[in-house]
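Trainee: Could you go through this structure with me? I would like to begin with what counts as a contact.

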Amino acid sequence: MRVMVQGIGIAIDPALRSHVERRVGSAMGRFGPKVDRVTVRLSDAADSAVPGIRCGVTLSLPDGLVKVEDSGDEPFEAVSRAIERAGRALVREVERQQEVREGLGVTKT
């Protein structure tokens, strides 16, 4: 699984990049091998209705994408919250795909 970290108006320092990689590893858990790529985008939401740091996470799966977004006062908080949401969304998506396969009579090997 490749992890890409992008900052829009925010500098991505090595500590933040390391935090992202650790959080991704723990949040994806047993479904991590099903993820081809994780893209994490941080941006400053100072001009929006809810100021702070916005973090968007996109998980690229063989059968589609999972996208989530969250925000926080600090980059580390925004990353943690968004990646946790992405991990939960990944579990739901993998379970949904498994139910579809089972419903079609395709067995998992």
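Mentor: Contact means heavy atoms within 4.5 Å. Please keep in mind throughout that this is a predicted model.

Trainee: Understood. With that in mind, which residues does threonine 58 touch?

Mentor: Leaving aside residues up to four places away in sequence, threonine 58 touches Arg37, Val38, Thr39, Arg41, Leu65, Val66 and Lys67. Threonine 58 itself belongs to strand 3, which covers residues 53–61.

Trainee: Is threonine 58 buried or exposed?

Mentor: Threonine 58 counts as buried, because its relative accessibility is 13% and the cut-off for buried is under 20%.

Trainee: What does strand 3 pair with, starting with strand 2?

Mentor: Strand 2 and strand 3 pair in the antiparallel sense, over 8 bridges. Within that pairing, serine 43 stands opposite arginine 54 of strand 3. Strand 3 also pairs with strand 4, again antiparallel, over 9 bridges.

Trainee: How many residues join strand 3 to strand 4?

Mentor: The two strands are joined by a hairpin through 2 residues. Leucine 61 has glycine 64, in strand 4, as its bridge partner.

Trainee: Let us turn to cysteine 55. Where is cysteine 55 placed?

Mentor: Cysteine 55 is in strand 3. With a relative accessible area of 0%, cysteine 55 is buried.

Trainee: What does cysteine 55 touch?

Mentor: Not counting residues up to four places away in sequence, the contacts of cysteine 55 include Val40, Arg41 and Leu42. Val68, Glu69 and Asp70 are also among them, as are Ala78, Val79 and Ala82.

Trainee: Which residues touch the most other members of the largest nonpolar core?

Mentor: That core has 27 residues, and those touching the most other members are Met28, Cys55, Val57, Leu59, Ile83 and Leu90. At least two core residues come from each of helix 1 (14–28), strand 2 (37–44), strand 3, strand 4 (64–72) and helix 2 (75–103). Helix 2 gives the most, with 8 residues.

Trainee: Since helix 2 has come up, what about glutamate 93?

Mentor: Glutamate 93 lies in helix 2. Its relative accessible area is 18%, and glutamate 93 is therefore buried. Setting aside residues up to four places away in sequence, glutamate 93 touches Leu61 and Val66.

Trainee: Now the chain as a whole. What pattern does the protein chain follow?

Mentor: Read along the sequence, the pattern is β-α-β-β-β-α, made up of 2 helices and 4 strands. The C-alpha atoms fill a box of roughly 50 × 30 × 15 Å along the principal axes.

Trainee: How many residues are in the protein chain, and what percentage is buried?

Mentor: The protein chain has 109 residues, of which 39% are buried. Its accessible surface comes to about 6500 Å², and 49% of that belongs to carbon and sulfur atoms.

Trainee: How many positive and negative side chains are there?

Mentor: There are 17 positive and 16 negative side chains, with the centres of the two sets 5 Å apart.

Trainee: Finally, what share of the contacts joins residues at least 24 apart?

Mentor: Among contacts between residues at least 6 apart in sequence, the share is 51%.

Key
Residues numbered from 1 in each chain as written. Predicted model: local features only at pLDDT ≥ 70, side-chain atom pairs only at ≥ 80, totals over all residues. Heavy atoms only, no water. Buried < 20%, exposed > 50% of the residue type's maximum accessible area, 1.4 Å probe, protein only. Core = buried A, V, L, I, M, F, W, Y, C linked by side-chain atoms within 4.5 Å. Areas by Shrake-Rupley, 256 points an atom, 1.4 Å probe, with all protein chains shown as cover. Lys, Arg positive; Asp, Glu negative; His and termini not counted. Charge placed at Lys NZ, Arg CZ, Asp CG, Glu CD. Pairing = 2+ DSSP bridges.
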